[in-house]
Amino acid sequence: MKKDIKLLVEGKRLDGRLPDQLRPISMKVDVISRADGSAEVRLGNTIALASVYGPRALYPKFLQEEESGIVRVRYNMVPFSVDERKSPGPDRRSIELSKVMRLALEPAIFLEDFPKAAVDVFVDILQADGSTRVAGINAASLALACAGVPMRDLVSACSVGKIEGTLIVDLNGIEDNNSESDMAVAMMPGRDEITLLQMDGELNKDEVLRLLSLARENCKKIYELQKQAIREKYKSGE
Amino acid sequence: MSDLQEKYVLELLESGKRIDGRKFDEYREIKIERGLVQKAEGSAVVSLGKTKVAAGVKLEIGEPFPDTPNEGILIVNAEFSPIASPEFEAGPPGEDAIELARIVDRVIRESKCLQLEKLVISQQNVFIVFVDLHIINDHGNLIDASALAAIAALKNARIPKVENGKIVREEFTGNLPVIFTPVVVSVCKVGNNFLIDPDLLEENVLDSRLVVGVRDDDKICAIQKQGSKPLKFSDVEKMLDIAIAKSKELRRLVG
């Protein structure tokens, strides 16, 4: 929880970044050959892997939707991804995150194109250093696109927050644990629509709106990197 | 719900009306019954129209978390009892129950309404405050009702007497230190309309919903977007305005 740590020294963050600076980001697609689509996204030390299977037949039958497909998302932190080993399997946090990530991705997918079928999205966090859910969404969205799932747009996500009264983007682990407030945002940048919005802390309305526009700006940067990662893959003609 | 009902509710909303005649920014009748369960250190049953949620606060003694040695512990849990809806099943909590409990947890924790630092008993022992939410009837808008029940139960709760490291039940040393009254207003979007406190039928036709936790000083302590349709950036400001305005009404009821 909150400790007495200075998170900002002379306007710079502990890892040397400026408040509105993203960490180094890398994105690769098609990293898991068995999956229909997959991606790896790194935000600084945070490493998220996503794979997509489907659209594929959905059983048992009662789960099927007559006129549309369904999306299932599983967010999972691997046991060695954090300081204190996390026991494997879903906990309450990952169940909630799986739900909000599903809702973040769903609006981008033409579900009506695959009635009675399911698209399964699996996100594994190999290393957690803050902003894991947004790294996972970025990876999942790339994996969906690479699986050829029909989509309205990519979903791009980033975290923003407030430390020592300053608004910042892309929280790392220590900032995440000690921030005054934090917010996760996912959007379809091409449509300028929000698909995930979570915030906690203590903010007035104006600060919420300022954080939201900071997130919007940075989601657009992530969007460009996502498109570049897909182009990179198909340019090489593999 | 049948397609016919769904169509009817949607058409009504589009023409600016609600199925029970309420205004878009009007809650159903709200009732708060405090102290119903004497076995609990604090309790409240909240009705929002036909929706009914019971919250109970129990205190236990335990070791503090290693990273917060000078604080008590807050644990919020929700049970969607099969008594409350044909859609609820017995067994471990599903994602909706977990999400609801975690949102209420964040609203209480982030608003700092409960002074956890005042719940230390000794170097080894602190109070663990369990807030259990028990859904009795799901007739729409469980989240606002649950948060209201939780804060009402916390404000109703007393600290039990401790003797030789054990709790003496039914003897108390004071009230639980609750210094703010955060409430949750969920603002819903259907088409181009915003409304609050959806009834069961309305809940089935919502596009999206923004759950907003608001503290006494209008500070926002938690936000969670729900629903499978996206929101526009301009929607968020409108929804926050509605949430802040309506939060005062709810807070007055908690007292």
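Predicted model: local features only at pLDDT ≥ 70, side-chain atom pairs only at ≥ 80, totals over all residues.
Colleague: How many salt bridges does a search of the whole structure find?

Modeller: Over all chains, the search finds 51 salt bridges. One of them joins the side chains of Asp30(A) and Lys233(A), at 3.5 Å from N to O.

Colleague: Where do Asp30(A) and Lys233(A) lie in chain A?

Modeller: Asp30(A) is in the loop between strand S3 (25–29) and strand S4 (37–43), and Lys233(A) is in helix H4 (residues 205–235), so the pair ties together parts of chain A that are 203 residues apart in sequence.

Colleague: Is Lys233(A) buried or exposed?

Modeller: Lys233(A) counts as buried, with 14% relative accessibility. Asp30(A) is partly exposed, and its relative accessible area is 33%.

Colleague: Turning to chain B, what does the side chain of Glu41(B) meet in a salt bridge?

Modeller: The partner of Glu41(B) is Arg169(B), and the N to O distance is 3.1 Å. Glu41(B) lies in the loop between strand S1 (30–34) and strand S2 (42–48) of chain B, while Arg169(B) is in strand S7 (residues 166–175) of chain B, so this pair ties together parts that are 128 residues apart in sequence. Glu41(B) counts as buried at 4% relative accessibility, whereas Arg169(B) is partly exposed with a relative accessible area of 35%.

Colleague: Which residues are linked in a network of salt bridges?

Modeller: The network links Arg13(A), Asp15(A), Arg17(A), Arg23(A), Asp129(A), Asp170(A) and Glu175(A).

Colleague: A change of topic, then. How many residues does the contact take from chain B and from chain A?

Modeller: Chain B gives 34 residues and chain A gives 31 residues. The area buried between the two chains is about 3200 Å², with 58% of it from carbon and sulfur atoms. Glu95(B), Ile223(B) and Phe233(B) supply 22% of the area that chain B buries against chain A, more than any other three residues.

Colleague: How many salt bridges are there across the interface of chain B and chain A?

Modeller: The rule finds ten salt bridges across that interface. Lys99(A) and Asp96(B) also meet in a salt bridge, with 2.7 Å from N to O.

Colleague: Which elements give two or more residues to the side of chain B that touches chain A?

Modeller: They are strand S4 (73–79), helix H2 (95–111), strand S11 (220–226), strand S12 (231–232) and helix H5 (233–254) of chain B. H2(B) gives the largest share, eight residues. The residues on this side of chain B divide into 14 nonpolar, six polar and 14 charged.

Colleague: How many bridges join strand S11 of chain A to S11(B)?

Modeller: Four bridges join S11(B) to strand S11 (residues 193–203) of chain A, and the two strands run antiparallel. Within this pairing, Leu203(A) has Ile220(B) as its bridge partner.

Colleague: What does S10(A) pair with?

Modeller: S10(A) pairs in the antiparallel sense with strand S8 (residues 156–163) of chain A over seven bridges, and with S11(A), again antiparallel, over seven bridges. Val185(A) in S10(A) is the bridge partner of Cys158(A), and Met183(A) stands opposite Met199(A) in S11(A). Strand S10 (residues 181–188) is mostly covered, with seven of its eight residues buried.

Colleague: How many residues are there between the strands in the hairpin of S10(A) and S11(A)?

Modeller: That hairpin has four residues between the strands, and Asp192(A) takes a positive phi near 55° in it.

Colleague: Lastly, where does Thr181(B) lie?

Modeller: Thr181(B) is in the loop between S7 and strand S8 (183–190) of chain B. Thr181(B) is buried, with a relative accessible area of 4%. The side chain of Thr181(B) makes a polar contact of 2.6 Å with that of Lys155(B). Leaving aside residues up to four places away in sequence, Thr181(B) touches several residues, including Ile151(B), Val214(B), Asp216(B) and Arg251(B).

Note on methods: Residues numbered from 1 in each chain as written. Chains lettered and ligands numbered in written order. Heavy atoms only, no water. Salt bridge = Lys/Arg side-chain N within 4 Å of Asp/Glu carboxyl O. Buried < 20%, exposed > 50% of the residue type's maximum accessible area, 1.4 Å probe, protein only. Contact = heavy atoms within 4.5 Å. Buried area = accessible area lost by both parts, 1.4 Å probe. Nonpolar A, V, L, I, M, F, W, Y, C, P; charged D, E, K, R; others polar. Pairing = 2+ DSSP bridges. Polar contact = N/O pair within 3.5 Å; in protein donor to acceptor, adjacent residues only side chain to side chain.
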